[in-house]
Amino acid sequence: MNADFQVDEYLFGEEVRDFEQLNFSDQLTDLSSLIKTLDRRYYKRNVGAVLLFSDGIYNRGFEPELVAENFPFPIHTVVLGDTVSYPDLAIRNVHYNNKVVSLGATFPVRVTVAARDLAGRKAQLTLKESGRVIEKRDIEIPSNRFSKEIDFMLDATKKGVLPIDIEISGIEGEEQLLNNVRHIYVEVLDQKYKLLCVAASPHPDLGALRSVLNDNYEVDFCFGKEQLPDFEKYDLVVLHQVPNGKMDFNALKTQLDKNAKMPVLFVIGNDTDKDFINKVQSVFEFRSGATNTLLDVKAHLNPAFSTFTFDTKFDQMIAKYPPLALPHLEINALKSHDDLLLQEVMGVKSGLPLLGFANDKRKMAFLFGTNIWRWRLFEYYQSKNHDVFDEMFSKTLKYLLLSANDGSAIYAKETYYSNEPVIITAELRNPNNELVTDPDMTIQIENKLTGETYDYTFSKRDHDYELNAGLLPEGLYTYKVQGQMGERKISVSGAFSVAAIGIEEQQLTADIDRMRTIARLTNGNCYTARELQQLFADLHNDSRITSVEHHESRFEDLIHSKWIFFVLIGLAAVEWLLRKMFGSY
């Protein structure tokens, strides 16, 4: 076929790359990313068809059918893998938002159980904590295509990391038992943070921020002209479109002055009073813009951001977020600030902050614009999760809550996947609250399941420390960071888990329905691996696949064509000779 067509070959898994030797080492498959990448690379080019060889199973991104509908070229799908349906009982998903809970709290866990070709059978779902049975549920399977969500309410009865095993009993005749077990880890802390949200009025943004918090946080709200509580009782204050003319500004300023080191998150919106906000902080100066209008401000990631680590792979999702509403302002930076997100207005990227951080006597964060609740909903629509939104704002709040006086801050994810390196960063501040990297920082990581320990020394960067521990096996890990700065000893502990990724172990049967749908939505056809000759014949007979002729028009001034000059001179000379010979002169 290569002799008849120009063929470009790609491999896809964790990323789309040029074709190389197959090794099947990728642990993630992102079909939606493949379709979007091909659409971008071959925009307005003459592509006759795309041949997609896959089993239709994906475990990253969102449903490929959503992007295939607008794909400009026909996709002919070739189904690989076993299409025979086997009886199977599986734990399809475990959903638990509360990865960190307070001691004594009750937290929910939702388990999705699925069964295929097991109508009339029974199974048992068991939850265990450190080998001890917590709860059992009997499940009746009424049909051959069965799925059910089962909710549990678990108690955090002891401090530390709570390993929970979720098992569903295997049934005789099952070919695959690896998908009958899941492991989750919950950290139980004997500590709570108290947050106060002061707002002009109730707003869905506050609900979006509340959604990223776990049971380790208590949140109080104060709206409009309600009397402000004593800020001393709280660890963090969120000022949503505050200060404004609807509340007692003097009372707010008194509370902020009284609690000079209280961290604050400012959300700047249409109700924010520019004169008042200039009086309660000195990082930015705000003035009214040229027009009294609301701007649609989109976000893009700042690659130079250094306050804490943030996955740059999230840049694509952030760039797609719907715009925030921000009044037209003149923003003048008076003191240094570090911006995670920058503004983009009408397609023009600016250096103005959209989400920025500063440390001027107190830790502060500034969010320029309202309606972040739309970000959270949009991300769920796109990828069926809130990973980018939750990580961005949970790290924002964590940064603000970490006291500058303890001298150190450790940034580690709650969960790493077995195919990604475990990267942990650390900050160290001297008594003047300046970032330093002079002392050595060590870390010991312990696998709580095997007892194995790993000792590392952090690498020093310009303003912080970084550790890349590489790939670690599935399990629960605790870590302890130690260092010495002068007379002060630094010791910080934490925990994280590593979750295994193995979609092929969870699903044995190729998803032929998805492959047929992708082909149908793009006006292509679906084939099995045995029908390749038919595929090649159809490609040769496809009237949509045509070669393209290119015509190039070029214009050149006659004065640059010397041969025309000499021809004219020659004709004039001939005329002169003829006239001379026949007596015209």
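# A walk through the predicted model

Leu 213 sits in the loop that runs between helix 3 (204-211) and strand 14 (217-223). The structure is a predicted model, and every value below is computed from it. With a relative accessible area of 13%, Leu 213 is buried, because the cut-off for that class is under 20%. Once its neighbours within four places in sequence are set aside, the residues in contact with Leu 213 are Leu 195, Val 219 and Leu 397. Arg 429 gives a further point of reference: 216 residues separate Leu 213 from Arg 429 in sequence, and their C-alpha atoms are 27 Å apart in space.

Val 237 belongs to strand 15 (residues 236-240). Its relative accessibility is 0%, so Val 237 counts as buried. Not counting residues up to four places away in sequence, Val 237 touches Leu 196, Val 198, Phe 231, Met 262, Pro 263, Val 264 and Leu 265. Phe 221 is 16 residues from Val 237 in sequence, and the C-alpha to C-alpha distance between Val 237 and Phe 221 is 10.0 Å.

At 8% relative accessibility, Gln 241 counts as buried. Pro 243 lies in the loop between strand 15 and helix 4 as well, and the peptide bond joining Val 242 and Pro 243 is cis, with omega at about 10 degrees. Most residues other than glycine have a negative phi, and most peptide bonds are trans.

Met 346 is another non-glycine residue with a positive phi of about 55 degrees. It lies in the loop between strand 21 (338-345) and strand 22 (348-360). Is Met 346 buried or exposed? Its relative accessible area is 81%, so Met 346 is exposed.

The side chains of Lys 335 and Asp 360 meet in a salt bridge with an N to O distance of 3.2 Å. This pair links distant parts of the chain, 25 residues apart: Lys 335 is in the loop between strand 20 (329-333) and strand 21, and Asp 360 is in strand 22. Lys 335 is partly exposed, with a relative accessible area of 38%, whereas Asp 360 counts as buried at 17%. Side chains of opposite charge can pair when their charged atoms come close.

Arg 461 takes part in two such pairs, one with Asp 464 and one with Glu 466. The closest N and O atoms are 2.8 Å apart for Arg 461 and Asp 464, and 3.3 Å apart for Arg 461 and Glu 466. Arg 461 is partly exposed at 34% relative accessible area. Asp 464 counts as buried at 10%, and Glu 466 is partly exposed at 27%. A network of salt bridges links Glu 65, Asp 511 and Arg 514. The count for the model comes to 21 salt bridges.

Arg 514 leads on to helix 10. Which residues of helix 10 (residues 512-521) are buried? They are Arg 514, Met 515, Ile 518 and Ala 519. These residues lie on the same side of helix 10, because they cover an arc of only 135 degrees around the axis. The buried residues of helix 10 pack against helix 1 (31-41), strand 3 (50-54), helix 2 (64-68), strand 4 (75-79) and strand 33 (526-528). Asn 523 follows helix 10, and its phi is positive, near 60 degrees.

Helix 1, one of the packing partners of helix 10, contains Thr 37. At 7% relative accessibility, Thr 37 counts as buried. A polar atom of the Thr 37 side chain lies 2.7 Å from the backbone oxygen of Ser 33.

The last stop is on the surface. Val 574, Trp 576, Leu 577, Leu 578, Met 581 and Phe 582 form a nonpolar patch there, and together they have about 690 Å² of accessible area. Among them, Leu 577 is found in helix 12 (residues 562-581). Leu 577 is partly exposed, with a relative accessible area of 46%.

Notes
Residues are numbered from 1 along each chain as its sequence is written. This is a predicted model: local features need pLDDT of at least 70, side-chain atom pairs count only at pLDDT 80 or more; totals for chains, interfaces and linings use all residues. Side-chain values use heavy atoms; hydrogens and water are left out. Buried means under 20% relative accessible area, exposed over 50%, partly exposed in between (1.4 Å probe, protein chains only). Helices (H or I, at least four residues) and strands (E, at least two) are DSSP runs, numbered from the N terminus. The arc is that of the directions from the helix axis to the C-beta atoms. Contact means heavy atoms within 4.5 Å. A polar contact is a pair of N or O atoms within 3.5 Å; within protein, one must be able to donate a hydrogen and the other to accept it, and residues adjacent in sequence count only if both atoms are side-chain atoms. Patches are made of residues with over 30% relative accessible area and no salt bridge: like charges are joined within 9 Å, nonpolar side chains (Val, Leu, Ile, Met, Phe, Trp, Tyr) within 5 Å. Accessible areas come from the Shrake-Rupley method with a 1.4 Å probe; for residues, only the protein chains shown count as cover. A salt bridge is a side-chain nitrogen of Lys or Arg within 4 Å of a carboxyl oxygen of Asp or Glu.
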